[in-house]
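Please examine the sequence and the structure shown below. The explanation that follows then leads through them in steps.

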Amino acid sequence: MNEVSKKQKFVILYKYVSYKAFESIMEKWALKASFPFESNDPLEYVAQHTEHKMGRYMNIHSPQDEPPPFFSFSRKMSDVTMWGQYADYARGVCLVFKFPLSENCREYWSDENADELSTYISCSMASTTENKTISLAGVKYSENRFTPGDFNKEKPDIDTVARALIWRMFTPPIKADSWEYEDEVRIIEHCNNASLESNNMLLYDWPMNYLYAVIIGSNSPYPSDYIKQKIKLSYAKTNRKNFFWGELCNCYVVRATIHPTKFAYEAYPFSDRME
């Protein structure tokens with residue numbers, strides 16, 4: 001695999017997990033991908049419609065349509081709700097990933113128009129030297145569900161609805177605005193790229209090449225040295241190469257601290273929406 005160029009531009013994304021999930025990630029050295037039916041917003045893939053009886057196509061994330069899996073990340077590392085909801089009340093960790101942007105990517109989130117929250121990253125598969133360009137999509141938040149073309153016909157075209165599913169998976173997703181605190185970003189994957197299967201879950205090892213740091217929750221009972229040693233021992237068991245740590249696994253581990261005045265966390269040198 002090629003080393004990351006010093007001139008390479010990156011995007012930093014965060015993933016909150018409980019300590020138990022962190023142990024599993026370390027043990028398998030891989031991340032779990034999610035499917036649309038696992039979305040925490042139960043109406044994310046339900047389009048606007050005028051009819052009440054539209055069969056399974058009212059909710060268009062049916063497994064029969066074989067939607068692709070995806071990884072979920074956040075652009076925030078300071079949010080109290082995220083630490084509470086996804087990192088076991090700050091007893092877990094926040095994984096920091098540093099993905100290289102592809103040369104043909106757009107200006108990365110240059111404005112706040114959610115339709116523009118899309119770009120590309122260029123990453124190497126863990127087991128090969130092959131680079132792949134992957135779509136990176138920021139979630140859009142709205143009080144209204146999405147409206148795929150011609151979906152509101154009196155008799156919706158099944159092919160149109162099927163196409164709508166593909167359209168929804170490869171453009172910025174739309175969730176209820178009550179989820180806006182997540183500041184979510186997704187990487188679309190494919191089932192055939194999974195490196196292993198465990199407990200009916202598809203796991204992918206290539207993102208671990210780009211694990212840059214680990215932020216320990218402020219309520220975690222484990223010291224930084226313990227977490228760092230755990231990472232080193234897990235890394236030593238793999239036949240992989242992290243682009244930032246080197247052979248000695250010089251991983252960066254920092255503990256989150258409570259902001260002096262705000263309902264927020266700090267973890268220098270990391271910050272929200274960091275590039």
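**A buried ring and its surroundings**

Phe-73 is buried, with a relative accessible area of 3%; buried means under 20% relative accessible area, exposed over 50%, and partly exposed in between, with a 1.4 Å probe and protein chains only. Phe-73 forms an aromatic pair with Phe-99 that is edge-to-face, with 5.6 Å from centre to centre and 75° between the planes. Rings of Phe, Tyr and Trp (its six-membered ring) pair if their centres lie within 6.5 Å; planes under 30 degrees apart count as stacked, over 60 as edge-to-face and the rest as tilted. Because Phe-73 lies in strand β3 and Phe-99 in strand β4, the pair ties together parts that are 26 residues apart in sequence. Phe-99 is buried, as is Phe-73.

The model is a predicted one, in which local features need pLDDT of at least 70 and side-chain atom pairs count only at pLDDT 80 or more, while totals for chains, interfaces and linings use all residues. Residues are numbered from 1 along each chain as its sequence is written, and side-chain values use heavy atoms, with hydrogens and water left out.

The structure holds 22 aromatic pairs. In one of them, the rings of Phe-71 and Phe-73 have their centres 6.5 Å apart and their planes at 55°, so this pair is tilted. Phe-71 is buried as well, with a relative accessible area of 1%. Ring pairs join Phe-71, Phe-73, Phe-97, Phe-99, Tyr-204, Trp-206, Tyr-210 and Phe-243 into a cluster.

The view may now widen to the chain. It has 4 helices and 15 strands; helices (H or I, at least four residues) and strands (E, at least two) are DSSP runs, numbered from the N terminus. Of its 275 residues, 47% count as buried. Among contacts (heavy atoms within 4.5 Å) with a separation of 6 or more, 75% are between residues 24 or more positions apart.

In α1, the residues Tyr-19, Phe-22, Ile-25 and Met-26 are buried. They cover an arc of only 115° around the axis, which puts them on the same side of α1; the arc is that of the directions from the helix axis to the C-beta atoms. The face of α1 turned away from its buried side carries the exposed residues Lys-20 and Glu-27. The buried residues of α1 pack against β1, β2, β4, β12 and α4.

Which residues of α4 are buried? They are Ile-227, Ile-231, Ser-234 and Tyr-235. Seen down the axis of α4, these fall within an arc of 100°, so they line one face of the helix. An α-helix has 3.6 residues a turn, so residues three or four places apart point the same way. Asp-225, Ala-236 and Lys-237 are exposed on the face of α4 turned away from its buried side. The cover over the buried residues of α4 includes α1, β12 and β13.

The largest nonpolar core has 38 residues, and those with the most contacts inside it are Phe-22, Leu-95, Phe-99 and Ile-231. A nonpolar core is a set of buried Ala, Val, Leu, Ile, Met, Phe, Trp, Tyr and Cys residues joined through side-chain atoms within 4.5 Å. Apart from this core lies another, of 17 residues, among them Ala-87, Ala-213, Ala-256 and Tyr-265.
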